Amino acid sequence: MKIGVSSWSMNKEFIEKGMTMVDFVRVVKEEFGADAVEMVHWMVGDLDSGSAEKMRFALEQFSNPDKDPEKIQQAIGGFMEVMENVSLNKPQNLDDVKAALEKHGVQVLNMPIDYGNISGLDEEKRKSDLEVIKSWIDIAAYLGSKGARVNTGHQPEGVFDLNITADSYRELAEYAETKGVALVLENHGGMSADPKNIIKLFEMVNHSNFRVCPDFGNFEPDVRYEAIDMIFNDPILVHAKTYEFNADGSHVQFDFGKCMEIAKKHNYDGYYSVEFEGPGDQREGVQKTINLLKKYN
């Protein structure tokens with residue numbers, strides 16, 4: 001079974017404990033025995049203490065069930081400030097990260113790029129966002145990543161034009177192909193929350209370098225299994241998303257085994273990337289997810 005780990009699974013260690021991407025690569029190999037990683041783009045470079053604090057506060061507020069509107073706005077502002085700064089500046093540690101990958105025999109499956117709005121109506125801003133995304137596709141290529149995930153983005157209420165989104169994805173898929181990187185779409189909210197939109201986008205983009213990454217956890221509960229099945233068309237990788245576990249190791253929020261059955265139905269034999277997103281110790285969460293994957297192998 002092919003198992004990788006997403007850096008998102010250990011975001012608290014990056015933000016609160018100063019973990020670096022070099023550290024993460026080592027931990028994935030030595031502690032979890034995995035030979036592949038996903039590198040969320042804003043986690044590749046080393047965050048300074050001020051940026052880390054803003055991200056810590058933002059994630060704390062976003063996950064707080066008793067949301068304070070004032071604090072949420074403060075959190076969003078800090079998050080966007082850090083994201084903008086990180087995204088517009090090339091990390092200085094890329095050679096160190098590449099050396100760590102080679103040292104530990106770890107490959108990069110995918111680089112989720114959480115920047116920009118490729119569906120935005122402002123053409124000038126959208127083109128600017130696409131150029132920034134392309135710069136991160138370059139970075140993904142340098143680190144040997146197989147893919148680069150770009151979000152569908154969003155449009156104002158009352159507006160729905162998939163042509164803009166499809167044109168953006170096609171431009172990025174063509175660019176990524178020149179770098180030896182697949183462009184990846186994940187069901188990750190926004191316009192991709194509806195599986196019909198995902199299917200339509202693949203029809204419209206119609207490019208062999210445009211690939212899908214089904215995520216077990218991101219669809220709404222009432223459509224989860226049907227939607228995962230609908231978009232499961234030759235995935236480049238699969239996000240094995242988890243949140244909480246029962247005492248017997250089973251998953252609380254949804255039927256993990258049923259998700260795995262869908263993958264087996266489609267004869268999937270690629271990588272599962274662990275995305276633990278629950279409370280408690282993140283290393284324990286990653287290991288419990290790996291245990292679940294092996295159970296249903």
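Biologist: Between which two elements is the loop that holds N267?
Modeller: This is a predicted model, where local features need pLDDT of at least 70, side-chain atom pairs count only at pLDDT 80 or more, and totals for chains, interfaces and linings use all residues. Residues are numbered from 1 along each chain as its sequence is written, and side-chain values use heavy atoms, with hydrogens and water left out. Helices (H or I, at least four residues) and strands (E, at least two) are DSSP runs numbered from the N terminus. The loop with N267 runs between α10 (256-265) and β8.

Biologist: Is N267 buried or exposed?
Modeller: Buried means under 20% relative accessible area, exposed over 50%, and partly exposed in between, with a 1.4 Å probe and protein chains only. The relative accessible area of N267 is 67%, so N267 counts as exposed.

Biologist: What is the phi of N206?
Modeller: Most residues other than glycine have a negative phi. N206 sits in the loop between α8 and β6 (210-213) and is exposed, with a relative accessible area of 64%. N206 is not a glycine, although its phi is positive, at about 50 degrees.

Biologist: Which backbone oxygen does the side chain of N197 reach?
Modeller: N197 belongs to helix α8 (residues 195-205) and counts as buried because its relative accessibility is 12%. Contact means heavy atoms within 4.5 Å; setting aside residues up to four places away in sequence, N197 touches F160, L162 and M191. At 2.9 Å, the side chain of N197 reaches the backbone oxygen of M191.

Biologist: With which side chain does the side chain of E38 make a polar contact?
Modeller: E38 lies in strand β2 (residues 36-38), and its relative accessible area is 0%, so E38 is buried. Beyond neighbours within four places in sequence, its contacts include V5, F24, L109 and S273. A polar contact is a pair of N or O atoms within 3.5 Å; within protein, one must be able to donate a hydrogen and the other to accept it, and residues adjacent in sequence count only if both atoms are side-chain atoms. At 2.7 Å, the side-chain partner of E38 is H239.

Biologist: Is S168 buried or exposed, and which residues does S168 touch?
Modeller: S168 is part of helix α7 (residues 162-178). Its relative accessibility is 2%, so S168 counts as buried. Not counting residues up to four places away in sequence, S168 touches I118, R126 and L130.

Biologist: Which element gives the largest share of the lining of the largest pocket?
Modeller: On a 1 Å grid over the protein atoms alone, a cavity is a set of points where a 1.4 Å probe fits but cannot get out, while a pocket is an open set with protein on both sides within 12 Å along at least five of seven lines; lining residues have an atom within 4 Å of a point. The largest pocket is lined by 42 residues, with W8, L59, F62, F79 and H188 nearest its centre. Elements giving two or more residues to this lining include α3 (49-62), α6 (123-142) and β7 (238-242). The largest share, 5 residues, comes from α4.
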